[in-house]
Amino acid sequence: MTSTAPAAGHALRERYDAVRGATERFCEPLEVEDYVVQAMPDASPVKWHLAHVSWFFETLVLREYLDGYTSIDDRYHFLFNSYYNSLGEQFSRPHRGLITRPTVADVQAYRRHVDEHMRELFRRHEELGLAIPADVIEVGLHHEQQHQELMVTDVKSLLALNPLRPAYRAASAAPSGEAPAVEWVGTDEGVRSIGHDGRGFAYDNEGPRHKVFVHAFELASRPVTCGEYLAFMEAGGYQTPEWWLSNGWTTVQERGWSAPEYWEKRDGRWQVFTLAGMRPVDPAEPVCHVSLYEADAYARWAGARLPTEAEWEVVAAEAPVEGTFVESERYHPAPATGSGMQQLFGDVWEWTMSAYGPYPGYRPPEGALGEYNAKFMSSQNVLRGGSCATSQSHIRPSYRNFFYPPDRWQFMGVRLARDAG
């Protein structure tokens with residue numbers, strides 16, 4: 001546990017208020033019915049997200065460091081524990097949408113209860129010098145930002161199931177014109193260092209920083225667009241097994257895929273569901289909501305491949321963290337503009353061909369936080385860069401996201417790579 005000076009504690013309190021406030025602002029357009037329903041086993045109701053991120057601060061901070069703290073309801077410890085086996089049993093994840101009680105109002109009261117006591121903890125630190133677990137609180141804030149992103153994508157999956165295709169919030173979307181031509185940006189072979197460099201916050205799975213050898217490669221200057229992906233579809237992309245990994249082809253057959261998630265063909269034209277409702281597919285926008293299998297098949301069809309995470313990070317380490325993030329409240333990727341390397345951050349998560357596993361010398365933290373990343377290092381692939389649902393203050397070049405190959409309800413896209421020479 002690390003504490004911090006009162007002035008730094010004040011800044012941490014301000015960040016706490018900002019992150020918690022951003023969660024509340026996302027919920028403002030929702031109706032009470034939107035909080036309760038669970039669209040699929042991988043998603044969670046908004047009400048559960050609100051309670052779980054509060055449970056995190058209550059369990060790992062308030063119960064440990066604020067004398068005299070009592071929970072608003074001790075039964076919440078079971079209901080809103082996600083996967084921390086070291087902290088006790090959990091309610092079944094696929095059935096979170098069946099929890100009608102506590103009500104939305106009860107959960108909002110729970111959040112207020114936790115916030116009041118967190119502010120009391122900060123006050124005691126600033127005025128009385130009480131030690132606070134600054135590192136755990138920082139993890140909790142980034143954890144809540146992760147759940148903010150999940151709320152965006154889970155609400156989208158929920159509203160898309162409604163035959164009325166309701167909008168989370170209305171927004172205008174003007175035609176964007178043509179995407180800039182793809183440029184191939186080369187990188188020479190050599191030994192490079194990847195992983196978090198120790199400056200600022202990082203999750204444990206981003207280190208240790210270590211050396212890797214990369215062969216000479218080229219990276220596409222922008223993500224694959226909807227228009228380019230549509231050409232793959234029209235060329236028989238979903239009907240040609242030669243372009244697919246074996247498990248990918250099986251998944252396509254079993255699930256009946258013929259287009260990215262949220263695409264629908266109406267009157268002979270492709271439409272896409274967005275958080276602003278249905279609208280025509282914009283050929284210039286980055287394609288999103290595609291699985292690793294679809295990303296890999298497209299890359300093979302295009303005569304390229306997916307990058308490794310090391311290749312991606314070598315290039316991204318030199319790039320500014322710029323793009324379309326959740327702060328824009330667009331909730332959809334934007335077309336690339338201009339020339340040169342673009343959209344490495346924001347807009348769409350970019351699949352890599354790298355399996356999610358530990359870096360050399362990795363050791364998970366002790367205690368409950370050791371369950372945060374380490375136990376998921378199996379059967380998943382790494383994605384990089386963040387998306388239009390990610391907070392700009394949450395992403396960095398070393399950030400490693402991970403999902404299973406068939407997953408596609410997140411804003412997942414494609415950037416191509418190829419061997420140089």
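Contact here means heavy atoms within 4.5 Å. On that basis, in this predicted model, S44 touches Q38, H49, R96 and D154, leaving out residues up to four places away in sequence.

- S44 is situated in the loop that runs between α1 (6-27) and α2.
- Because its relative accessibility is 7% and buried means under 20%, S44 counts as buried.
- The side chains of S44 and R96 are joined by a polar contact of 2.8 Å.

**The largest pocket**
- The volume of the largest pocket is about 790 Å³.
- Its lining comprises 34 residues, and those nearest the centre of the pocket are Y83, R93, L150, F402 and F403.
- At least two lining residues come from each of α2 (46-65), α5 (134-161) and β10 (401-403).
- The element that gives the most to this lining is α5, with six residues.
- Sorted by class, the lining holds 14 nonpolar, 13 polar and seven charged residues.

**The nonpolar cores**
- The largest nonpolar core has 108 residues, and F80, M118, I137 and W263 touch the most other members.
- I137 is in contact with L12, F57, V61, M118, F122 and I132, when its neighbours within four places in sequence are set aside.

Conventions. Residues numbered from 1 in each chain as written. Predicted model: local features only at pLDDT ≥ 70, side-chain atom pairs only at ≥ 80, totals over all residues. Heavy atoms only, no water. 1 Å grid on protein atoms, 1.4 Å probe; cavity = no way out; pocket = protein on both sides within 12 Å on 5 of 7 lines; lining within 4 Å. Points joined across faces, edges and corners; volume = space filled by probe spheres on them. Helix = DSSP H or I, 4+ residues; strand = E, 2+ residues; numbered from the N terminus. Nonpolar A, V, L, I, M, F, W, Y, C, P; charged D, E, K, R; others polar. Buried < 20%, exposed > 50% of the residue type's maximum accessible area, 1.4 Å probe, protein only. Polar contact = N/O pair within 3.5 Å; in protein donor to acceptor, adjacent residues only side chain to side chain. Core = buried A, V, L, I, M, F, W, Y, C linked by side-chain atoms within 4.5 Å.
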